[in-house]
Amino acid sequence: AVVPGTTTVALASATADAVIQYKISSATSWTTYSAPIATTDWTAETVITARARKLDMTDSDLTSATFTV
């Protein structure tokens with residue numbers, strides 16, 4: 001997706017009460033999602049990889065999207 005200027009990216013899960021975790025581009029650790037992610041500090045091309053987790057359930061598959069700022 002081409003994202004002009006400053007905007008935000010929202011993440012959601014269809015599983016009630018799942019915790020969403022994400023990584024931006026080459027980050028090595030997961031961040032717990034709590035609010036839309038601002039694009040202000042991104043490089044020209046940024047990849048968000050996300051997963052949903054819930055106790056006693058298998059983690060979701062990883063999902064990635066590339067954003068061009």
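What follows is a chat about a predicted model of one protein chain.

Visitor: How many helices and strands are there in the protein chain?
Guide: This is a predicted model, and in it the protein chain has zero helices and six strands. Read along the sequence, that gives the pattern β-β-β-β-β-β.

Visitor: And what box do the C-alpha atoms fill?
Guide: Taken along the principal axes, the C-alpha atoms of the protein chain fill a box of roughly 40 × 20 × 15 Å.

Visitor: Which strands form the open sheet, and in what order?
Guide: Four strands form the open sheet, and their order is S3-S2-S5-S6, with antiparallel pairing. The edge strands are S3, residues 31-32, and S6, since each of them pairs on one side only.

Visitor: What about S5 and S6?
Guide: S5 and strand S6, residues 63-68, also pair in the antiparallel sense, over six bridges. Here Glu45 stands opposite Thr68 in S6, while the bridge partner of Thr49 in S6 is Ser64.

Visitor: Let me pick a residue, Thr46: is it buried or exposed?
Guide: Thr46, which is found in strand S5, has a relative accessible area of 2%, so it counts as buried, the cut-off being under 20%.

Visitor: And which residues does Thr46 touch?
Guide: If residues up to four places away in sequence are not counted, Thr46 touches Ile24, Ser25, Ala65, Thr66 and Phe67.

Visitor: Changing topic, how many aromatic pairs does the structure hold?
Guide: The structure holds one aromatic pair. The rings of Tyr22 and Tyr33 have their centres 6.3 Å apart and their planes at 75°, so the pair is edge-to-face. Tyr22 is in strand S2 and Tyr33 is in the loop between S3 and strand S4 (37-38), eleven residues apart, and in this way the pair links distant parts of the chain.

Visitor: Are those two tyrosines buried or exposed?
Guide: Tyr22 is buried, with a relative accessible area of 12%, and Tyr33 counts as buried at 17% relative accessibility.

Visitor: Where does Thr40 lie, then?
Guide: Thr40 lies in the loop between S4 and S5. With a relative accessible area of 49%, Thr40 is partly exposed, because the exposed class begins over 50%.

Visitor: How far apart are Thr40 and Ala50, in sequence and in space?
Guide: Thr40 and Ala50 are ten residues apart in sequence, and their C-alpha atoms are 19 Å apart in space.

Visitor: Now the whole chain again: what share of the residues counts as buried?
Guide: Of the 69 residues of the protein chain, 25% count as buried. The chain exposes about 4700 Å², and carbon and sulfur atoms supply 52% of that area.

Visitor: And what share of the contacts joins residues 24 or more positions apart?
Guide: Among the contacts in the protein chain with a separation of 6 or more, residues 24 or more positions apart account for 49%.

Technical notes. Residues numbered from 1 in each chain as written. Predicted model: local features only at pLDDT ≥ 70, side-chain atom pairs only at ≥ 80, totals over all residues. Heavy atoms only, no water. Helix = DSSP H or I, 4+ residues; strand = E, 2+ residues; numbered from the N terminus. Buried < 20%, exposed > 50% of the residue type's maximum accessible area, 1.4 Å probe, protein only. Contact = heavy atoms within 4.5 Å. Areas by Shrake-Rupley, 256 points an atom, 1.4 Å probe, with all protein chains shown as cover. Pairing = 2+ DSSP bridges. Phe/Tyr/Trp six-rings, centres within 6.5 Å; stacked < 30°, edge-to-face > 60°.
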